[in-house]
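Colleague: Could we go through the ligand site of this model together?

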Amino acid sequence: MPDQTSPAGLRTVVLTGAAGRIGRTVARELEGRWDLRLTDTRTVEGVEGLAVLDVSDLDACRTAFAGADAVVHLAADPSPDATFDDLLSPNLVGPYAVARAAAEVGVRRLVLASSLHAVSGLPMTLQRRPSNAPRPANLYGASKAWSEAVGAMIAATTATSVVALRIGYFHVDRPAAGGDLMERSAWLSGRDAAELVRAAVEADLPTGVEGFVVANGTSANRHRVAELEETRRAIGYMPVDDAWATEAEADE
Ligand SMILES: NC(=O)c1ccc[n+]([C@@H]2O[C@H](COP(=O)([O-])OP(=O)(O)OC[C@H]3O[C@@H](n4cnc5c(N)ncnc54)[C@H](O)[C@@H]3O)[C@@H](O)[C@H]2O)c1
């Protein structure tokens, strides 16, 4: 069994896409809790210790994940308007290479950044549940449905358990009161993004078919596009922010 903790006894967690918006926030918030290995194809100012990793490179993923307890896979083209050519390497080959490499080197937990776009084809009036089967309305959402399917396959066939996070609308600042209703009801704050990743990595899950979990990733918004109770029960996610907090205060 590979050593999956650092000399300080912390669990070793690899982040892909760590130079991105969510990666930078999660790395900052969870620094010190885990021994983080930050990877991306690019470097950015203000993020120390980023190692180069292209997630479509299976061999490079194997090397980067060796000895890790968990891999949090954030790297992707996050655009809902992305074309098939844009998505092919980062969003289709990437999750396959990451999941296969993680399982091959004995990673305990793989966390995949999916998206509520995986279910964007459901009627807008329907609150999204993690148990909803993928129903994408664009190719980006379809690429996230693919990553969920790869995750389910890996959990069913290897000792690696997998949590797919259907992330809503990530933004470090609370969306403006009176702003776009979909953005507000899907808002995921910075500290709740870190809490979501923490819960997904640390949750006690079985292996096998039951070791694949889909989780919804929004803050505790007063009006919410996605149901959060199933996710709390499944992985212990406890969000604290609310896009409507300022109105709630005004009502009191
Ligand atoms: N931001 C949101 O609101 C949101 C919503 C739903 C899902 N997501 C998902 O969360 C994840 C992170 O999103 P984000 O907003 O931080 O995106 P981002 O674009 O800010 O960051 C993505 C990072 O991935 C890296 N990357 C791209 N291709 C790569 C490759 N082949 N190998 C390695 N790294 C590569 C980029 O350099 C970038 O730093 C993505 O998977 C995205 O689809 C984001």
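Predicted model: local features only at pLDDT ≥ 70, side-chain atom pairs only at ≥ 80, totals over all residues.

Modeller: Residues are numbered from 1 along each chain as its sequence is written, and side-chain values use heavy atoms, with hydrogens and water left out.

Colleague: How many residues surround the ligand?

Modeller: A residue counts as near if one of its heavy atoms lies within 4 Å of the molecule. The closest are Ile22, Asp40, Leu74, Tyr140 and Phe170. The total around the ligand is 25 residues.

Colleague: Which side chain has an N or O atom 2.7 Å from an oxygen atom of the ligand?

Modeller: A polar contact here is a pair of N or O atoms within 3.5 Å. Ligand oxygen lies 2.9 Å from a polar backbone atom of arginine 21 and 2.8 Å from a polar backbone atom of leucine 74. The side chain at 2.7 Å belongs to aspartate 40.

Colleague: Which element gives the largest share of the shell around the ligand?

Modeller: Helices (H or I, at least four residues) and strands (E, at least two) are DSSP runs, numbered from the N terminus. Two or more shell residues come from each of α1 (21–30), β5 (109–115), α4 (139–157) and β7 (169–170). The largest share, three residues, comes from β5.

Key
Polar contact = N/O pair within 3.5 Å; in protein donor to acceptor, adjacent residues only side chain to side chain.
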